[in-house]
Amino acid sequence: MPFLLSIPILAFVVILQTAILSQMPLLYGASDLLLIVLAAWSVRPRVQAYWFWGIVAVGLMTFVSSQPLWVTAGSYGAVILLALYLRRRIWKVPLLVMFAVVFAGTLFSHLLSVINLWLTVSLPPVFDVFNQITLPSLLLNLVLALPVYVLFGDLADWLYPEELTV
Amino acid sequence: MLKFSSPRSAQTLVLILVAIGLVLLALGGYLTPATRLLLIPFVSVQTWVSTRYQAIQDFITTPNDVATLRQRNAELESEVGRLRTQVIALQQQVADNQVLTTLLRFVQDNPENQYVTAAVIGRDPSPFLHYVIINRGSDQGLRRGMPVVTQDGLVGRIAAVDSAAARVQLITDAASSINIRLQKSGAEAMLVGQVAGTVALQMIPQEAKIEVGDVVVTSGLGGDYPPNLLIGQVTGVRKRDYDIFQTASVQPLVDFRQLNIILVITNFQPVDIEALRP
């Protein structure tokens, strides 16, 4: 069930991202809803289908975006790995894990994008990129992190109900 | 001497005379004090009765009225909501119509090209890339490399095509580079996109005379774009003696944040010069 649900849910998220969120930039930054959703999904302790969700997200993103596959796969893979690592270490405060993963994931994703631009075109002005793209994107992602965490937390609790020991 | 046929007739006559007399007295105003004396208690009683009746009627009927009013209010609110939606839809139609009219005028003014109109339905999720997604694809005859314009000027070119959609690389994308000509001086240069969504002129010869306000158009060199497509105006020039080339900043005529409907030039086939490059 969590495997099957990933495709329509993530497809809807991609539609929301391209049709609405990407049209509402803050300075030159924009939120990455797919990254936030993957983080919210992977930080839940009982969730298991995180890699499948990651593969679907990378596939959909590669389909709609001009971003090379390695940038998208690297960004989302890093988000899932970090979420898995932190959810074992800081398992008592999953919300903190969520914010930490979104924060670090956004920075890493932008770092990969800058490296891609450097390799394909030229090195963009790093200070301007950080001020005008990364910081606004970071703010937007952190603002969206809480509602997405709550929404996908409920979904995860519904799909992976807690086992009661008698 | 008058004789009455019966005592009843005499009474009737007397009553009529008295009535006439009273009417005449009333018309003359002689009965006003008497009528006032009678009317005051009458009106008071009537007012008391009427007020009590109104109170009882209100007590009985008000709950029904509140229910009716609430229902009516809900109906009216629903009607207002529907009309608001209609107004928004009509305003959107008017805006779309204005854009389409302007595009039509542009098409009529440039009959040498064939166009396919498309709507922008999305943007690239990455803030580092400046691409838009349009709702026309190979089924409508679009091919990779076709130039995209609006009534204001050049937008970019098609970078990827699917059957029902296509991805357009905007001229503001960092990987975009276009051969241009400055209309006034005739100098040729290269327009490149910046990661922040602006554009700049590079490789302008040192001897070229450029001024703020110069119009920038495509030169057609390289075969990527047809010549003489409007791009924008020069907003600043940077010339240093020790540099090989001048640089300049350009303000595009197209507002890329308000891009809704675009035109794809379908009769222009870009020339692939990759094989000629050393």
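Which residues have the most contacts inside the largest nonpolar core? Before I answer, please note that this is a predicted model. The core in question has 84 residues, and those with the most contacts inside it are Leu38(A), Ala39(A), Ala40(A), Ala57(A) and Val101(A), together with Val155(B) and Leu191(B). Helix α2 of chain A, residues 33-42, contributes the largest share of this core, namely nine residues. As general background, nonpolar side chains in soluble globular proteins tend to be buried together.

Let us take Val155(B) from that group. Apart from its neighbours within four places in sequence, Val155(B) is in contact with Val148(B), Val149(B) and Thr150(B), with Val168(B), Leu170(B) and Ile171(B), and with Val254(B), Leu259(B) and Ile262(B).

What is the span of helix α6 of chain A between its end C-alpha atoms? This helix covers residues 126-159, and a straight helix of 34 residues would span 50 Å at 1.5 Å a residue, yet α6(A) spans only 42 Å. A kink of about 35° is found in α6(A) at Ala145(A), shortly before the proline Pro147(A). Ala145(A) is also one of the buried residues of α6(A), which include Leu140(A), Asn141(A), Val148(A), Tyr149(A) and Phe152(A). The cover over the buried residues of this helix includes α2 of chain A and α5 of chain A, residues 94-120.

I now move to the strands of chain B. Strand β1 of chain B, residues 115-123, pairs with strand β12 of chain B, residues 261-265, in the antiparallel sense over five bridges. Within that pairing, Thr117(B) has Leu263(B) in β12(B) as its bridge partner. β1(B) also pairs in the antiparallel sense with strand β2 of chain B, residues 131-134, over three bridges, and here Gly122(B) stands opposite Ile133(B).

β2(B) in turn runs antiparallel to strand β5 of chain B, residues 166-170, and four bridges join them. Tyr131(B) stands opposite Gln169(B) in that pair. Are the residues of β2(B) that point one way and the other way buried or exposed? Tyr131(B) and Ile133(B) point one way, Val132(B) and Ile134(B) point the other way, and all are buried. In a regular strand, side chains alternate between the two faces of the sheet.

Finally, consider a hairpin. Strands β6 (residues 177-182) and β7 (residues 188-193) of chain B run antiparallel and are joined by five bridges, with Arg181(B) partnered by Glu188(B). Five residues lie between the strands of this hairpin, and Gly186(B) takes a positive phi near 80°. β6(B) pairs as well with strand β9 of chain B, residues 215-218, in the antiparallel sense over three bridges; there, Leu182(B) stands opposite Val216(B). Thank you for your attention.

Notes:
Residues numbered from 1 in each chain as written. Chains lettered and ligands numbered in written order. Predicted model: local features only at pLDDT ≥ 70, side-chain atom pairs only at ≥ 80, totals over all residues. Core = buried A, V, L, I, M, F, W, Y, C linked by C-beta atoms within 7 Å. Buried ≥ 20, exposed ≤ 12 C-beta atoms within 10 Å, placed from the backbone. Helix = DSSP H or I, 4+ residues; strand = E, 2+ residues; numbered from the N terminus. Contact = placed C-beta atoms within 7 Å. Pairing = 2+ DSSP bridges. Expected span 1.5 Å × (residues − 1). Bend = angle between axes of the 7 residues up to and from the residue.
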